[in-house]
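The sequence and the structure are shown first.

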Amino acid sequence: MPKINIRPLLTSDLTAVKDIYNHYIKHTHINFETNPYSDDYMQEWFQQFDHSGRHHAYVAVQGEQILGFALSQKFRPKPAYSTSIEVTFYLTEAAAGKGLGKKLGHHLLNNLKEQDINRAYAAIALPNDASIGLHKSLGFEQAALLSEVGRKFDKFYDVAYLEYKFS
Ligand SMILES: CC(C)(COP(=O)(O)OP(=O)(O)OC[C@H]1O[C@@H](n2cnc3c(N)ncnc32)[C@H](O)[C@@H]1OP(=O)(O)O)[C@@H](O)C(=O)NCCC(=O)NCCS
């Protein structure tokens, strides 16, 4: 088995990232998008990342295959929120449950610790035991529970906000 490497996301990875996202968008409540992402959308989406700043994107790669990704994105648009970020982790179903989420999580948080970031948030549509388990193992704690805040596939879902304190 080739070794798994974690490296910054490149434009050449966008189709694989789109496919991972779209699997969860089409088949699960985990992602609250209801329409799959397009190639054009992914090109625009890529522009938000800036590896010298607060918004990073990393992929886990084995040979030619993208197994998953980790992101830090803007939490909310108003400027006073800029010291907070939202983190996101997605793996292919085959890569999940083997410790890779935790490796990506440590990589992302380590690369962000020198930045001017005070809090990271994860918004987790419930149930999602793997995501709750991952974030708790990275040191996140639950900060809020929004009841029935989203509706997908004609069903309401709660969302837990988990918080990580950089300082
Ligand atoms: C969520 C996700 C990124 C987690 O990554 P992972 O590689 O599966 O998780 P890991 O194997 O690194 O496990 C991390 C921790 O979570 C726990 N965990 C993992 N899967 C679990 C599960 N199904 N139930 C309970 N705990 C679980 C592990 O035991 C581990 O805890 P520990 O460090 O205390 O031992 C991955 O499962 C995934 O991509 N799922 C689908 C997409 C998704 O839900 N993304 C998050 C959106 S909010």
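## Nonpolar cores

In this predicted model, the largest nonpolar core comprises 25 residues, and Val87, Phe89, Leu104, Leu108 and Phe140 are those with the most contacts inside it. A nonpolar core is a set of buried Ala, Val, Leu, Ile, Met, Phe, Trp, Tyr and Cys residues joined through side-chain atoms within 4.5 Å. At least two residues of this core come from each of β2 (57–62), β3 (65–74), β4, α3 (100–112), β5, α4 (129–138) and β7. The most is given by α3, with 5 residues. Helices (H or I, at least four residues) and strands (E, at least two) are DSSP runs, numbered from the N terminus.

Leu108 touches His56, Tyr58, Ala70, Leu71, Ser72, Val87 and Phe89, leaving aside residues up to four places away in sequence. Contact here means heavy atoms within 4.5 Å. Another core, of 19 residues, lies apart from the largest one, and Val17, Tyr21, Phe46 and Val61 are among its members.

## Basis of the model

Residues are numbered from 1 along each chain as its sequence is written, and side-chain values use heavy atoms, with hydrogens and water left out. Because the model is predicted, local features need pLDDT of at least 70 and side-chain atom pairs count only at pLDDT 80 or more, whereas totals for chains, interfaces and linings use all residues.

Thr88 is found in strand β4 (residues 84–91). With a relative accessibility of 13%, Thr88 counts as buried; the term buried applies under 20% relative accessible area, exposed over 50%, and partly exposed in between (1.4 Å probe, protein chains only).

Not counting residues up to four places away in sequence, Thr88 touches Tyr21, Phe69, Ala70, Leu71 and Gln73. The side chains of Thr88 and Gln73 are also joined by a polar contact of 3.5 Å. Such a contact is a pair of N or O atoms within 3.5 Å; within protein, one must be able to donate a hydrogen and the other to accept it, and residues adjacent in sequence count only if both atoms are side-chain atoms. Thr88 and Gly105 are 17 residues apart in sequence, and their C-alpha atoms are 9.1 Å apart in space.

## Salt bridges

The structure holds 4 salt bridges, each defined as a side-chain nitrogen of Lys or Arg within 4 Å of a carboxyl oxygen of Asp or Glu. One of them pairs Asp13 with Arg7, with the closest N and O atoms 2.8 Å apart. Asp13 is buried at 5% relative accessible area, whereas Arg7 is partly exposed at 27%.

Lys18 forms a salt bridge with Asp39, the closest N and O atoms being 2.9 Å apart. This pair links distant parts of the chain, with Lys18 in helix α1 and Asp39 in helix α2, 21 residues apart. Lys18 is buried at 13% relative accessibility, and Asp39 is partly exposed at 44%. Glu163 and Arg119 also meet in a salt bridge through their side chains (3.9 Å, N to O). Since Glu163 lies in strand β7 (residues 155–165) and Arg119 in strand β5 (residues 119–125), the pair ties together parts that are 44 residues apart in sequence. Arg119 is buried, at 19% relative accessible area.

## Surface patch

Phe32, Leu146 and Val149 form a nonpolar patch on the surface, with about 230 Å² of accessible area together. Patches are made of residues with over 30% relative accessible area and no salt bridge: like charges are joined within 9 Å, and nonpolar side chains (Val, Leu, Ile, Met, Phe, Trp, Tyr) within 5 Å. Accessible areas come from the Shrake-Rupley method with a 1.4 Å probe; for residues, only the protein chains shown count as cover. Phe32 lies in the loop between α1 (14–27) and α2 (39–46) and is partly exposed, with a relative accessible area of 35%.
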